[in-house]
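Biologist: Please show me the structure, and then I will ask about it piece by piece.

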There are 2 protein chains.
Amino acid sequence: MSLVVVGSVAFDTIETPHGRAEEELGGSAVHFALAASLLNKVRLAGHIGRDATAAHLAPLRRPNIDLRGLTVKEGKTFRWSGRYAHDMNQRETISVELNVFGQYPPELLPEYADSDFVFLANGAPAHQMMVIDQCKAPQFVVLDTMDHWIISNRPELDKLFRRVDAVVVNDSEARLLTGEEHIRAAQKVLEMGPKYVIVKHGAHGALMVSGREVFVIPAFPTTRVKDPTGAGDSFAGGVMGHLSRVGKVTPQEMRLAMAYGTIIASFNVEEFGVRRVASLTLEEVEARMLEFRRVLKF
Amino acid sequence: MSLVVVGSVAFDTIETPHGRAEEELGGSAVHFALAASLLNKVRLAGHIGRDATAAHLAPLRRPNIDLRGLTVKEGKTFRWSGRYAHDMNQRETISVELNVFGQYPPELLPEYADSDFVFLANGAPAHQMMVIDQCKAPQFVVLDTMDHWIISNRPELDKLFRRVDAVVVNDSEARLLTGEEHIRAAQKVLEMGPKYVIVKHGAHGALMVSGREVFVIPAFPTTRVKDPTGAGDSFAGGVMGHLSRVGKVTPQEMRLAMAYGTIIASFNVEEFGVRRVASLTLEEVEARMLEFRRVLKF
């Protein structure tokens with residue numbers, strides 16, 4: 001079934017203990033699309049500025065990525081700059097220039113409006129709602145958000161929660177939303193509307209709750225973490241890539257989807273920006289999936 | 001094979017968001033022994049003061065626990081008092097009175113000296129070394145420690161690391177020991193001597209590294225966390241209970257052992273002190289193990 005992601009396309013400047021990368025292609029829609037494209041076709045909707053060159057966008061030119069929804073707007077491309085502390089679990093945002101991402105609401109091409117699986121990457125809740133309104137008959141809509149919107153746009157977010165099928169948050173966002181931790185937090189988010197809630201634990205994997213169903217999955221243990229930027233969006237891309245490929249959402253498929261998300265995210269962090277996932281193959285993903293099953297066996 | 005634990009017996013005063021318990025039976029050797037006793041016989045070596053009554057010790061009177069090594073010393077029993085913050089991942093020690101635990105070095109009864117599996121619960125490295133010296137021909141010695149000893153007794157600890165088969169630490173101890181995180185930290189600890197290193201991630205499970213072998217296991221997802229005190233020792237008790245029961249240590253048995261440790265620790269946190277594990281049955285453990293396998297399946 002068809003899959004669309006609506007989110008940011010960015011140029012990131014990233015500092016980690018392993019080095020520094022400047023004006024690196026990034027953004028939620030980019031990390032998501034590259035991950036999802038390993039498993040299914042994916043439509044990308046996002047804005048870039050006049051400063052984006054063909055060379056910048058080269059990593060996105062993959063057979064499974066539909067770039068018709070990548071629109072050039074007057075202005076500059078979204079820029080984010082951040083730094084990771086030694087343990088890479090804490091990141092500090094140095095600067096954010098929303099540019100065209102903030103200036104223009106998202107647009108869904110008429111050719112994208114029939115998408116079955118929809119991923120609303122992190123962005124203004126009002127913009128996310130506009131995307132839902134443009135979808136004709138979505139089968140499964142997944143929402144990502146962040147602390148900023150939880151704090152300052154809660155009423156809009158609450159409305160959104162009642163219109164989406166799943167929500168993906170990290171531990172601190174889950175705590176901010178519910179005042180609870182871990183599985184209790186996920187259960188409380190479920191009460192806000194979505195059928196599935198995924199809570200990401202950063203380097204410690206993720207948790208999924210749906211009704212009475214609970215699934216936990218650790219992260220793939222890798223020693224080669226160079227840059228965690230985009231790990232959450234790669235994870236979501238793997239999840240949605242799998243679900244849209246099999247064309248149905250059941251707790252069992254959601255589990256396997258999260259395993260794909262975990263594996264692809266583990267590659268994402270091995271190089272700066274999208275460098276690793278842009279050259280990743282499905283064979284590498286499947287090989288690591290087998291290794292992961294060995295690592296988890298008892 | 002025979003199993004012995006040498007460590008503290010304490011009266012804990014614990015405050016969590018779920019309530020408060022005073023002069024609750026606790027201590028590393030107690031939590032360990034109760035957990036291990038579900039799977040095998042276990043010998044307990046530790047000191048109590050003249051203030052310890054039969055009623056205090058009643059939870060330890062189980063067929064599988066050998067209490068001959070519980071010796072009464074002049075003085076008061078070890079007391080610890082602490083408070084957990086809302087998320088229960090952070091705890092604050094309010095007071096520590098080492099009492100007999102600090103005043104007397106550990107003693108291994110002659111009847112315990114032939115123990116095959118030895119758990120050196122957290123304590124002064126010099127005391128832990130004295131225990132090793134008293135063991136005749138131990139098959140598998142596991143060491144626990146804490147930040148205090150890593151900071152102030154590093155040379156003794158380094159010597160110990162070369163004499164034990166396995167080390168159990170948590171994330172912050174692993175970081176303190178190696179300056180590294182997660183799997184890299186575990187690999188660095190391996191270089192210090194032990195054949196197996198287990199890194200506990202608190203509410204996020206644990207990691208084991210041995211040679212090129214890597215195993216990760218999440219925590220059992222429970223919504224009923226009332227008191228995390230003793231979770232690490234219950235975990236270790238489950239691990240050593242299983243290993244000593246099967247009488248051999250292989251990576252495969254270590255994995256299953258860690259699953260037992262995970263399950264028993266998940267019960268331990270459901271009530272204050274040892275209340276839950278003291279009434280736990282092997283049937284309950286096995287039932288939750290099956291549930292855990294379902295939770296992890298993808």
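Modeller: This is a predicted model, and the questions below go from a whole chain to its parts.

Biologist: How many helices and strands does chain A have?
Modeller: Chain A has 298 residues, of which 51% are buried. Its secondary structure comes to 12 helices and 14 strands.

Biologist: What is the radius of gyration of chain A, and why does it agree with a compact globule?
Modeller: The C-alpha trace of chain A spans about 50 × 40 × 35 Å along its principal axes. For 298 residues, a compact globule would have a radius of gyration near 19 Å. The value for chain A agrees with that, being 17 Å.

Biologist: Among contacts in chain A between residues at least 6 apart in sequence, what share joins residues at least 24 apart?
Modeller: Contacts here are counted when C-beta atoms lie within 7 Å. Taking contacts in chain A between residues at least 6 apart in sequence, the share that joins residues at least 24 apart is 67%.

Biologist: Where is Gly69(A) found, and is Gly69(A) buried or exposed?
Modeller: Gly69(A) sits in the loop between strand 5 (65-66) and strand 6 (70-72) of chain A. A residue needs 20 or more C-beta neighbours within 10 Å to pass as buried. Gly69(A) has 20 inside 10 Å, so it counts as buried.

Biologist: Which residues does Gly69(A) touch, not counting residues up to four places away in sequence?
Modeller: Arg43(A) is 26 residues from Gly69(A) in sequence, yet their C-alpha atoms are 7.1 Å apart in space. Leaving out residues up to four places away in sequence, Gly69(A) touches Arg43(A), Leu44(A), Ala45(A), Leu109(A) and Tyr112(A).

Biologist: In what order do the four strands of the open sheet in chain A stand?
Modeller: The edge strands are strand 3 (19-26) and strand 8 (91-97) of chain A, each pairing on one side only. From one strand to the next, the twist averages 15 degrees. The pairing in this open sheet of chain A is mixed, and the order is 3-2-7-8.

Biologist: Which way do strand 2 and strand 3 of chain A run?
Modeller: A hairpin connects strand 2 to strand 3 of chain A through two residues. Six bridges join strand 2 (residues 10-16) of chain A to strand 3 of chain A, and the direction is antiparallel.

Biologist: In what sense do strand 2 and strand 7 of chain A pair?
Modeller: One of the facing pairs is Glu15(A) opposite Arg83(A) in strand 7 of chain A. Strand 2 of chain A is mostly covered, with five of its seven residues buried. Over six bridges, strand 2 and strand 7 (residues 78-84) of chain A pair in a sense that is parallel.

Biologist: Why is one side of strand 3 and of strand 8 of chain B left without a neighbour in the sheet?
Modeller: Chain B has an open sheet of four strands with mixed pairing, in the order 3-2-7-8. Strand 3 (19-26) and strand 8 (91-97) of chain B stand at its edges, so one side of each has no neighbour in the sheet: each has a single partner strand.

Biologist: What is the bridge partner of Glu15(B) in strand 3 of chain B?
Modeller: Strand 2 (residues 10-16) and strand 3 of chain B pair over six bridges in the antiparallel sense. In strand 3 of chain B, the partner of Glu15(B) is Arg20(B).

Biologist: How many residues of helix 9 of chain A are buried?
Modeller: Helix 9 (residues 231-246) of chain A reaches 23 Å from its first C-alpha to its last, close to the 22 Å expected at 1.5 Å a residue. Just after this helix, Gly247(A) takes a positive phi of about 75 degrees. Helix 9 of chain A is largely enclosed by the rest of the structure, because the buried residues among its 16 number 14.

Biologist: How do the residues on the side of chain A that touches chain B divide?
Modeller: The contact takes 25 residues from chain A and 24 residues from chain B. Helix 8 (182-190), strand 14 (213-217), helix 10 (251-268) and helix 12 (282-296) of chain A each supply at least two residues of the side that touches chain B. The residues on that side of chain A divide into 15 nonpolar, five polar and five charged.

Key: Residues numbered from 1 in each chain as written. Chains lettered and ligands numbered in written order. Predicted model: local features only at pLDDT ≥ 70, side-chain atom pairs only at ≥ 80, totals over all residues. Rg over C-alpha atoms; globule rule 2.2 N^0.38 Å. Buried ≥ 20, exposed ≤ 12 C-beta atoms within 10 Å, placed from the backbone. Contact = placed C-beta atoms within 7 Å. Nonpolar A, V, L, I, M, F, W, Y, C, P; charged D, E, K, R; others polar. Pairing = 2+ DSSP bridges. Axes fitted to C-alpha atoms, helices over the stretch in contact; angles between N-to-C directions. Expected span 1.5 Å × (residues − 1).
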